[in-house]
Amino acid sequence: MTETTPGQTIGPFFHHALAFPGDSELVPFGAAGSVVLHGYVHDGAGEPVPDAMIEIRQSDASGVVPRAGGSLRRRGAGFTGWGRSCTDGAGHYWFSTVEPGLPFFAVTVFARGLLDRLFTRIYLPGAEGAVDGLVASREADGRLRFDIHLQGPSETVFFKFPRT
Amino acid sequence: MTSSQQEISEEIAKIQADSPRGAPLLDFAPYRSTTLRHPTKEPRHVDPEGAELLAPVFGNSDVAAVEADLTVQRGGEPIGERIRVQGRVLDGDGRPVRRQLVEIWQANAAGRYSHQGDQHPAPLDPNFTGVGRCLTDDDGWYSFTSIKPGPYPWRNHHNAWRPAHIHFSLFGTDFTQRLITQMYFPGDQLLALDPIAQSITDPAALARLIASYDHSRSEHEWLLGYRWDIVLTGSHATYLEPSDD
Ligand SMILES: [Fe+2]
């Protein structure tokens, strides 16, 4: 473990490299049975973070975590259970996906000014055993909402896993 | 209120006099943009479960072989010093990470990104996007052909320059092994001045971000070769806690 390669910030200039068509659409936007998971990334002053990147990993609706390629070329591929969303100028991220059978989205957060990745989870509303503060809210139009606060009074709970 | 390099270097030295750490400090004021973007609470210790135990999978339908050569993506030859960077991606137990995605991005030889947010008045190179992808092979090897990136100025403090670097994005076999980092070049005098690199306060750990020049990878009258291996954190799926009995 002492030989682990350290992380570094994603910096400001990643979009042209890491964003790709359909990156945040694990299923096509508006598809039957799909749901939008979205939110805003904020800094410690409550300001939006327009240069963050959020990735999610999840099971399918039946609770199976897919082990299939095709995330980078979504057309014609099945459900891969992985997606990426770069925040826009308002700090907004969004995914079109399905509600996972295993009751949370595993989440990684990157940003300019953030020197290493952060891990957290987003639980479905009503999930049993959810970590306090990490439950998405259901909006009137059915979308799932979860804001990420890098710092401040509403700071998101971030994780440390064994062996990391 | 813009600090001088000397002020930044003194701040770095003061922090580094404390306990050296192998992972970057998230609360690292010499990199000014960290101020409002680092969590202040201790992370919560959790055991990975479900989707956290499985990294996303990528395959030949995701990546074309040509994406590993950043010198042939446009009509002509990019300007600069042609290089090849090769190495292995290993997990925390020394096992190769096989058939997994590696993504890179970098500035051109003049220190300019082909990103609309980059305002550095250095020339863009119409033959260079600075973006590459590949899959590791069955022994965990990746290989990119590119152009040596130039250093570039940034606005962290007065006369601030980033050392030449290539951004790397990596996946392991577990979701928890996700890594984004930067590879540096040997002998770069800017490394010691750079608050992003120096946020890794253990010099031995920072050294793991520096590629080595490898003459055996250079090609006669063609390019210079570098070797850089990447070690991810340990995986959980195959890890058994040592038992007490
Ligand atoms: Fe950079």
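Trainee: Why is the arrangement of the four donor atoms around the iron ion irregular?
Mentor: The donors subtend angles of 91 to 158°, which makes it irregular (four donors are tetrahedral with all angles between 85 and 135 degrees; four are square planar and six octahedral with opposite donors over 155 degrees apart and all others between 65 and 115; anything else is irregular). This is a predicted model, with local features needing pLDDT of at least 70, side-chain atom pairs pLDDT 80 or more, and totals for chains, interfaces and linings using all residues. Residues count from 1 along each chain as written, chains are lettered from A and ligands numbered from 1 in written order, and side-chain values use heavy atoms, without hydrogens or water.

Trainee: Which residues coordinate the iron ion?
Mentor: B:Tyr113 (OH), B:Tyr152 (OH), B:His165 (NE2) and B:His167 (NE2), at 1.9 to 2.2 Å (donors: N, O and S within 2.8 Å, or 3.2 Å for Na, K and Ca; water is absent, so sites may look incomplete). Their spacing along the chain is Y-x38-Y-x12-H-x1-H.

Trainee: Are B:Tyr113 and B:Tyr152 buried or exposed?
Mentor: Both are buried (under 20% relative accessible area; exposed is over 50%, partly exposed in between; 1.4 Å probe, protein chains only).

Trainee: New topic. What area do chain A and chain B bury between them?
Mentor: About 6300 Å², with 60% of it on carbon and sulfur atoms (accessible area lost on being put together, 1.4 Å probe, summed over both).

Trainee: How many salt bridges between chain A and chain B?
Mentor: Seven (Lys or Arg side-chain nitrogen within 4 Å of an Asp or Glu carboxyl oxygen). B:Glu67 and A:Arg73 also meet through their side chains in a salt bridge, 3.1 Å from N to O.

Terms used:
Buried area = accessible area lost by both parts, 1.4 Å probe.
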